[in-house]
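Here is a short briefing to read beside the model. Have the sequence and the structure open, and let us walk through them by topic.

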Amino acid sequence: IGTAATAAATNADVPLLLGIAVCSAIFVFVGNLIANLLYGVFDPGSERGSVDKRQIWNRAILVALWCPLQSYIWQGSFLGISMDPSCYDTNYADKFISPGSKHWFGTDFVGRDMFYRCIKGLSNSLIVGILASVVSSVIALAAGIASAVLGGRVDRCVNWCVDLCMGLPHLVLLILISFMMGKGGRESR
C-alpha cells in the first residue's frame, strides 16, 4: 500500500490516494466496531442479566447501519475488479467536464472519469489490504506455532523479529523526517 501511495502521490493520482485513505479509514472503523460488539457480548465483567435493552437497541442500530455500508463498499470493489478499462481511460475530448449524469464526479485534465477511477482505486486498495492481511496472518500463525512448539532459540528469534517489526515503522518515520529536514537544518558551504 505504501508503494502504491507513493507512486500515486508522485503521479498526482488523486483517486488512488482517496481510495487508499477511504479503505484505511473503513478498515479501522470496521475493526473497532467488531471489537466493541464482541466486547459487549463476551465482557467477563458483566452478567447476562445486567445488559439493559437500550444497549442492545444501540448495538442493533449500529449493525443495521454497518451492514448496508459494507455491502456498498464490497459491491464497489467487485465492480472495480470487473470494470472495463475504457471506463476510466484517457479521453482528451472530455477534459474538465463538471459533475453530471454522465460523469458523476466529473473528469480530470486528460478526460478520465473520476468516479470510475475512485471505484477502481477502492477495489485495488481492498484487494491489496485483504491480501496483505491474509499473508501476514499466515506468517504470524506459522511463527507463533513454531515459537510455541520448539521454544528456546526459536522463541527468542521470533520475539526478536516481532520487536524488529514493531520498531521499524518508527525508524522509517524518523528517517523520512530527517530526510525532509535536510542535513541537520544547516546549509553546508
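Helices (H or I, at least four residues) and strands (E, at least two) are DSSP runs, numbered from the N terminus. This is a predicted model, in which local features need pLDDT of at least 70 and side-chain atom pairs count only at pLDDT 80 or more, while totals for chains, interfaces and linings use all residues. Residues are numbered from 1 along each chain as its sequence is written, and side-chain values use heavy atoms, with hydrogens and water left out.

**Fold and confidence**

- The chain has 5 helices and 0 strands, giving the pattern α-α-α-α-α along the sequence.
- Buried residues (under 20% relative accessible area, with exposed meaning over 50% and partly exposed in between, for a 1.4 Å probe and protein chains only) account for 23% of the 189 residues.
- Taking contact to mean heavy atoms within 4.5 Å, 49% of the contacts between residues at least 6 apart in sequence join residues at least 24 apart.
- The mean pLDDT (the predictor's confidence in each residue, from 0 to 100) is 78 for the chain, and 86% of its residues reach 70 or more.
- Where pLDDT is low, the predicted coordinates should not be read in detail.

**Nonpolar core**

- A nonpolar core is a set of buried Ala, Val, Leu, Ile, Met, Phe, Trp, Tyr and Cys residues joined through side-chain atoms within 4.5 Å.
- Cys 23, Ile 26, Val 30, Ile 73, Leu 122 and Leu 126 form the largest one, with 6 residues.
- Helix H2 (14-42) and helix H4 (114-150) each give two or more residues to this core, and H2 gives the most, with 3.
- Leaving aside residues up to four places away in sequence, Leu 126 touches Cys 23, Phe 27, Ile 73, Trp 74 and Ser 77.

**Pockets**

- On a 1 Å grid over the protein atoms alone, a cavity is a set of points where a 1.4 Å probe fits but cannot get out, and a pocket is an open set with protein on both sides within 12 Å along at least five of seven lines; lining residues have an atom within 4 Å of a point.
- Grid points are joined across faces, edges and corners, and a volume is the space filled by probe spheres set on the points.
- The largest pocket holds about 220 Å³, and of its 13 lining residues the closest to the centre are Val 22, Tyr 72, Cys 118, Ile 119 and Leu 122.
- H2 supplies the largest share of that lining, 5 residues, and H2, H3 and H4 each supply at least two.
- For the second largest pocket, the space is about 180 Å³, and H4 gives the most to its lining, with 5 residues.
- The lining of the second largest pocket includes Ser 136, Gly 144 and Cys 165, and helix H5 (152-181) is one of the elements that supply at least two of its residues.

**The loop between H3 and H4**

- Phe 96 is found in the loop between helix H3 (53-82) and H4, and its phi is near 55 degrees, a positive value in a residue other than glycine.
- Phe 96 counts as exposed because its relative accessibility is 63%.
- Arg 112 also has its place in the loop between H3 and H4, but it counts as buried because its relative accessibility is 19%.
- Among the residues that Arg 112 touches, not counting those up to four places away in sequence, are Tyr 88, Asp 89 and Arg 117.
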